[in-house]
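User: Please walk me through this structure by question and answer, and give the cut-offs for each term where it comes up.

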Amino acid sequence: MPELPEVENVRQGLERLIVGQKIKAVNVLWSNIIKDPTVEDFKQNLIGETFLSINRRGKFLLFETTDYIVISHLRMEGKYKLESEEHPPTKHTHVIFSLNNGKELRYLDVRKFGKMSLVEKSKAYEHPSLRSLGPEPNEELTLSHVSAFLRNRKRSIKACLLDQKMVAGIGNIYADEILFASGIHPERQGHTLSSTEQKKLKEAIVTIMKKAVEAGGTTIRTYANAFGDSGSFQNQLMVYGKEGEPCPNCQTAFIKTKVAQRGTHYCPLCQK
DNA sequence: CCAGCAGCCTGTGCGC
DNA sequence: TGCGCACAGGCTGCTG
């Protein structure tokens, strides 16, 4: 589920559910989820800490506790659920934070791709995961940043959009939607965009990401009752997953190919 | 520095 | 029904 709009949706839910709760115990059932420090330090340092706020940077969730920040990335299929401690965890549950109120904040991840790091509060933004992230796709994103990034950039514009250094939070679905809205072919080399196209692209990034957040994100494969999996932006998708369907502008069938090693949907006529 | 690709994992859907 | 393969909303680390 996780591109920025989905992560933001999860963040809002978690904020309501766990802020103010104290951590009684931490259980790690799949240690590769914990990137740093060691699993033992991760657990020990968090016991006794209280969740103060839940923030987000790009696709990363930032759980602020009394002294630390848990940096959490859901990757492809990570999810958080708040469940009662009596409710037995499934085989896809990998990290469990037991809370004072008898509930457990559980991290589930079928593919086990997700990662968590624990850092001291003052050092959070120096962490390698966050250090080189580009601007958020809102007013922070300026045209001069976009054009500086694209300058001399030989890779495809699709690869550029997926690069979190250009803009933080765009993933495969929104990259395709943004390029369709901008009328730009996904295989165009970054440096070939005219200033008009750069402007169009920047506007599309900001509007589409904003709309997707407002819609609560996109739910594609419907995993049963996954926490925060309630978005409706899938109803507003124009190209993603629409291969073979007619483009609403020109009636040409949408094409699906592979660009930057990712499934890529576009209109061969409208996107130049 | 950049681009391409394997690796990390499991599940699903398709063709045979 | 079973098998093998391709594919899936992401990132990191290695190679040339």
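Analyst: A residue is called buried under 20% relative accessible area, exposed over 50% and partly exposed in between, with a 1.4 Å probe and protein chains only. The model is predicted, and local features need pLDDT of at least 70, side-chain atom pairs count only at pLDDT 80 or more, and totals for chains, interfaces and linings use all residues. Residues are numbered from 1 along each chain as its sequence is written, chains are lettered from A and ligands numbered from 1 in the order in which they are written, and side-chain values use heavy atoms, with hydrogens and water left out.

User: What is the radius of gyration of chain A?
Analyst: The radius of gyration is taken over C-alpha atoms, and the globule rule is 2.2 Å times the number of residues to the power 0.38. For 272 residues this rule puts a compact globule near 19 Å, which agrees with the value for chain A, 20 Å.

User: What percentage of the 272 residues in chain A is buried?
Analyst: Chain A has seven helices and 11 strands, where helices (H or I, at least four residues) and strands (E, at least two) are DSSP runs numbered from the N terminus. Among the 272 residues of chain A, the buried share is 53%.

User: At what angle are the planes of Tyr 174 and Phe 233?
Analyst: Rings of Phe, Tyr and Trp (its six-membered ring) pair if their centres lie within 6.5 Å, and planes under 30 degrees apart count as stacked, over 60 as edge-to-face and the rest as tilted; the structure holds seven aromatic pairs. The centres of Tyr 174 and Phe 233 are 5.7 Å apart, and the pair is tilted because its planes are at 50°.

User: Which residue lies over the face of Trp 30?
Analyst: A charge sits over a ring if NZ of Lys or CZ of Arg is within 6 Å of the ring centre and within 35 degrees of the ring normal. At 3.4 Å from the ring centre of Trp 30, the residue over its face is Lys 112.

User: How far is the side chain of Gln 261 from a phosphate oxygen of DNA strand B?
Analyst: A residue is near a strand if one of its heavy atoms lies within 4 Å of it, and the residues around DNA strand B include Trp 30, Lys 91, Lys 112 and Gln 261. Sugar and phosphate account for 59% of the atoms of DNA strand B that come within 4 Å of the protein. An N or O atom in the side chain of Lys 91 is 3.0 Å from a phosphate oxygen of DNA strand B, and for the side chain of Gln 261 the value is 3.2 Å.

User: Which side chain is joined to that of Arg 56 by a polar contact of 2.9 Å?
Analyst: A polar contact is a pair of N or O atoms within 3.5 Å; within protein, one must be able to donate a hydrogen and the other to accept it, and residues adjacent in sequence count only if both atoms are side-chain atoms. Arg 56, in strand S3 (residues 51-57), is buried, with a relative accessible area of 19%. Its side chain reaches the backbone oxygen of Gly 58 at 2.9 Å, and the side chain that the 2.9 Å polar contact joins to Arg 56 is that of Glu 136.
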